[in-house]
Every structure is written in structure tokens, then in C-alpha cells.
Amino acid sequence: VSRGGIVARLVAALGGLRGLRRFQTSPRHREDKGGNDEAPGRVEEVPPPELDESSDPRAELIVALLLIAAAVGFAGFVVFYVAYDDTQLLGLCLGLGLVVAGVASALAGKRVVIQEKATDEYEDHGEPAEQRQVQNHLVEGKVGVTRRKLLFSSLAVVGAALGAAALAPVASLGPRVGRKVYETPWSEGKRLVDEKGVPISIDTLAEGEFVTGLPAGESLENLGSPVIVVRLAEDELELPEDRAGSAPAGFVAYSKICTHAGCAVSMLRSPKYEPTQPSPALVCPCHYSTFNPADGGSVEFGPAGRPLPQLPLRVAEDGSLEAAGGFYEPVGPSYGGIREDPDARPL
Amino acid sequence: VIRRTVAALDERLGVASPLKRTLRYVFPDHWTFMLGEIAMYCFVVLVATGIFLTFYYVPSSATVHYQGDYLPLQGTAMGANFESVLKLSFDVPAGLLIRQTHHWAANVFIVAIVLHLVRILLTGAYRKPRELNYWVGVTMLGLGILEGFLGYSLVDDLLSGMGLAIAYSVAMSVPFVGGPLAFLVWNGEYPGTESFWPRLEILHVFLIPMAIATLLAVHLAQIVRQHHTQFPAEGSERVVRGTPTWPGYALRSIGLFLIVSGVLFLLGGLVQINPVWEWGPYEPYLSTNGAQPDWYVGWLIGALRLMPPLEITIGSYTVVPSPFWGGALFPLLVFGALYAWPLLSKRLVDDRREHNLLDRPRDNPKRTALVVAFLIWVFTVFAAGATDRFYFRSFVSYEGQVWFFRAFALLVPVFVYFVTKRVCEELKARESHPLRGWSGSVVERTEEMGFEEAESSRLRSER
């Protein structure tokens, strides 16, 4: 689509105001092919192009002053960077300098340079003739080929094989899931220590208190490691029958990793006034999955789909707490395929 | 000088013709067209500040003991990644300014994209011939959210660790492929091995920014090829009218760029964001109450909180674990709806013709009502992500709020749909502009005890 003389446009683009004025193109009104869906009230009339060349010396002065102010801000940034490195002052200098320079630039665009409303045309894309040429050209690739089906089938086969070969190395990015998710450092006789490595004993907690327990001498990075140890009144406990004896002196331990989304269950909601406050509960701060520590970690509220896995405890001869076995259930967030693992129930 | 430079370049590269077209490109004037520009300029600031940060960041979780200027953490065991961020914040001159500006820019970037998207949905700018560019834009929004999440995950502070734990659990929860998928990404069970951090870094500083930059170039190229849309007051379906690039628009847009980056640096310098030294390093057994992610992840937190504990199991075999619904299915639905919208809208609310003129929201009540109801739905879930913050400041129980938001998310969009539709229809019928001052007429009693309309021009001059 040729619009206006090339020379005229070149002059317009490069030259001064005169050239620009000459360049004003008049909008071409064309009938829309068939489907002109103008809503009523929408006119095809376009306001004419405008050009305002009047000068505004005051605006020019303000722009100059703003630019100088911006320069002061930038210089201030350099000075403070060298002399007194302070985040607030640096940010203030640089930020204000940029804002002031921006206002200067916008003001120049609005008041100092010529104000122009120009028009251009929306081009029609989609030339049927050219489309047909391209289509014909592409289809030419088939001309003279006799065993088309065979070739296309082989192409599909090689494509699939190449894709598989290209994707196969992705498998090296990580190990297979395997039994890893069921493994924890806990086994019968493993001591419980706190975050500083001090053994947790029967005297550590009073009723209604809790502490984070970790397996002595094991990695803290393992999702199977941390447990939350709560001391409840022994008459509060409502553990299932097959877990009798897993909570000596009211001490219960649960995996600290939420079965919903893997955050650390680090809150114990404890009753303050019996009639109004709910019973004690372990709460995960991420999505507020709420578990009942008294009955084996069942879900009371929130999005968790499984109980918090319980770790059976026993008291060693010196009064410190140790595991009486592994967890009753798999630890960590659920995943498609996680199942109750018979090997993880040693009791 | 200008003449000689242009001549010299044109003789060698033939730039005169494309340059001419660029300089004369017409930008329709409407303030809403600045939203996309703000997003683009945020991206420029993000790249500039991000380059600075990459020179200091260490993508390693190897244990070190902090020995820097920040006394409360002296001697604390932490990953080398977290230590490098602390050093950047406390020891490198202007390091904290750049880091906070980068973080602020990420938040503003996605605000601007979302507002830009809302404008495009409400005015029908996605219609033929611009569907492709709409899809490019939606993809950039998705990449932007992912990029932001990876960015604050890199720090390996307590908040990023909690976020990554959730991301890991959501990945694990995808039916059938989730477990292997998460193990591939983290190179094993969460929190992964040493090789996880370089992966995270290369995604955040190279692969995703490159993808966004490429899509941004495609986005702009398509706009130039098709021209901007415009509101009917200015041009027509055939003719676009506005300010040419040079000199008026370029100066204004450069001004916008400088103002946007200036505001971001002011925020970065004066308004603290993500003080990671207060959260401390992450260990899987640690978490903090009241943790909130960056705003653009809030809708996912809300969805995870609102979902009831629904787990589909066959025997003792879990098919769909519960994080899948809120963490994976919900964003898939939202983005699926966004991607499908140009095609759906052709059946529901639009026609199949080409459109260069924008609708005002009222012009198409059904579309506006659907879009607003959709946005209310997503933002209700977003608001539910902050229920715990409200719980601490009020006597409304957490459980009560969750039930309230569950009902709200299901019912209110329907209500909003009908209200919005009605409002648009009324506005359309009366052509009134309630936000642009009074447009009614006054009836006066005449001396003959009759009534007649007062002269509107007289009224206007009196007011």
C-alpha cells in the first residue's frame, strides 16, 4: 500500500515543521467489505488531523529547571554513594531525580514540542490471492510423490522417536521416587533432641506445652526428621486402641511436616477458657490445617487430607524421650500414589 | 548532525524507510493505554536491577556461618545463597536499594499487567484481529507470576522455604505424574539437593526473562503491524488517529519510563520490602505464623485455604491429593478461561468480525458482566488468602471466615453478574456518565403554573 510520495514523507520525517505540515495525510474512507457492523451512534467520520505549533516559553523554562533539578538529584546520588552510603538517601536522590526528569520529559512532550494529531490507516491483512499462492507453493511439495502414506507414517515415527530421544535425558534431572518418601531417620530407640541438640526428657514440658523434636545425630534437612512433641493431660488422650502406650505420661509426637503442603506445623492452639475456647489443636500456619493431637492427629479443619503421622514414644531409663518405632503413617505432603506402607508400621 | 547521521546510516543499512514509519507511528491518546507501557518499563527496571543482583547472588545451599555486618545473625548456620543476599543487603553500597527496587518492580510489574488485561477484557481489545497478541500477553502474565515466585524463592530465607515447600507439595499432588515431576525438579525429596539452586537461578535470571523479552518483542511487533485499537471518539474502524511517535509521544513515553523507574527507586529506597534478615534462614522444621507471599501468589494461597480436605483415594492409594485442587487446578482453570476467552466470547458475547474500535464497558453489558464476575471470583479467592491476618485483628473466627469466603466465592460472582449487566444496560440506555459529574436536567415551574425544562446551557454556566 503506497501512501503519499516517499520523498515527501522522508522530508517530513527528517525535516522541520514545514515538512511535517505538508505530510498530513487525509484519511481515506473506504467501504467496509460487506460486514460494517458500526453500532448506531458511531460515526465513520474521523476528526481531522491537528497541528499546533504555538510556542510556550514558560513551559520551556520549567522543563529546563526540572532537568537541572534532576541533575542535582543524580549528582546527589553519586555524592552519597561515595560519602555516606545510606539506602534511604540513595533511593530518595535517584528516585526523585528520575521522577523530576520524567515530568520534564512528559511536559516537553505536551507543551514544548509541536502538538500533533495525525491519522493512519488500519491495514487489511489477508490477501486471498497471496494466500492461494502460498498454499499452492506449499502443496507443490506433494507433487510427484507416489507413496505418500508410507512417507508420512515414517515421518511420524521418526518424529516420535526423535522427541523421545530428546526428552529422555530429562529423566537424569532427579532420582525416581521409589521408597525414598517413606524413609525417615526414626527407628526404635532413636533419642529426641531439641534444635540445639539437648535431649528432650520427661521434665522438659509441662502439660499444654510443646517443643520441636529432632532425631539425635541425623540430618535436619530430611522431611522425615522433625516432630512436634506435645504434653497433654493423660485423661485427654483418645488414641486408637492399637496405639495404646505410644504416649507415655501424656507425651505425644507427630511429624512436624504438614500432610497438606509440607510446611512446618509449628503452632499449638491451647484452651485458655474451657467453655469458649476449643480443645488443643496443632495448626499449620500456611493454610491452617488443624489437627487433633489427642486422637492420633486427625484433621479437624482445613485442607489437609490425611492425619498428621504420629511417632510412638517411650521413656528411656534416664527419663529422656525416645522413639518406640517409626511413624504410623507415611510422612510429608501427599502425592498421587502415596499409600499406607506396611513396612513403616513396626509396632 | 542529525541529517548527517541519518544519511550515513541510510546509505549503509537503508534505515530511512523503517525509521520514517516508526517516527510517524500513531499512538491513540487514552490513559488506559499507559498500563501496558508501565508493565514494560517495570520489566526494563527489573532487568537492569536484576543484572546488578546476579553479580552478587550465590546459587548454593552449602552451609556457611554468617560473619557479616548484621549482628543478630552472626555465627548462624545458613545456606551460601541466603548469606550472599545478606551481604548484598548490608555490605554492598546501594545493594539494598537495588534489591528492594527489584522486589517492588516485580510487584508493580504484575499489577500493571493485570490492570492492562482487565482493560483489554472490558473493552473487547482481544477481538479479531488481535487474538494472537492477547494470548502472547496472557502467557507473559503467567511467566511473570512464575518469575516473581522463583525470584523470592532464590533467597532461601524462611518465607521462600515455606513457599517452595508448598510448590513442592503442589507439584507432588498432580495425579500420577506429580511425584516423579517434583523429584525431577528438586533432584530428590524436598528440600532437594545442591543442584536445585543453580536450576532455580538459571530459570530466574535467564530462561524466563528471555522468554518474557521475546514475547514482549512479539507483542510490540504485532501492535505495530496491526496498530493500536482506539475508542470511537477519536477514529474509526478504518482510520487510527492520535499522536505520532516523534516528537510528542516519544517524549511523553520517555517521561513515563523515568517516572515509573523513579517511583520504583523511591519505593526501593524508602519503603522496606521483604526484610529477609528478620525471617532468618530456612530449615524444613521451621515456619512462621502470618506468613504472606508476594501479592500475585495470594490467589493460590487463598485457593489452597478455601478447599475442603478432599482427597480422592482408591483403597489406601491416593489418586488426587488435596493441594491439587487449589494449587494446580484453580490456576489451570483461571488461565484456561483467560486463554479460551477470545474463542468463547465469539459464541457468548461478541461477533466474529474484525474490530479496531474499542467498546466502552457499557456497550456490551453481557461481556462486561461476565468479565467482572470472573474477576470478583478470582479476587474473592485472593482475599481469602489473607484471612489469618484478619483473624488476628478481629474476633471473627478463622473457621467462620473460611466458610464465609467459600460461600462468597460461589454466590457473589453470580450476583455481581446480574448487577453489572443491569448497570451497564442502564448506562447504555441513558448515555449518562455518573463519574463525570451531573448530567440530569432541571424542571422549572413557569408563571403559568406549568412545567418546562430549564435551559441546560444556562444551568451549566451557573454551576
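Select chain B and colour by burial: 55% of its 463 residues are buried, meaning under 20% relative accessible area with a 1.4 Å probe and protein chains only as cover. This is a predicted model, where local features need pLDDT of at least 70, side-chain atom pairs count only at pLDDT 80 or more, and totals for chains, interfaces and linings use all residues. Residues are numbered from 1 along each chain as its sequence is written, chains are lettered from A and ligands numbered from 1 in the order in which they are written, and side-chain values use heavy atoms, with hydrogens and water left out.

Next, go to cartoon, where chain B shows 17 helices and eight strands (DSSP runs: H or I of at least four residues, E of at least two).

Then bring in chain A and find the open, antiparallel sheet of four strands, ordered E1(A)-E2(A)-E4(B)-E1(B); strands pair if DSSP finds at least two bridges between them.

Zoom in on E1(B) and E4 of chain B (residues 239–244), an antiparallel pair with two bridges. Pick B:Val26 and you'll find B:Pro244 of E4(B) opposite.

Last stop: helix H10 of chain B (residues 245–270), which lies across E2 (115–121) of chain A and E1 and E4 of chain B.

How values were computed: Contact means heavy atoms within 4.5 Å. Axes are lines fitted to C-alpha atoms, for helices over the stretch in contact, and angles run from 0 to 180 degrees between N-to-C directions. Buried means under 20% relative accessible area, exposed over 50%, partly exposed in between (1.4 Å probe, protein chains only).
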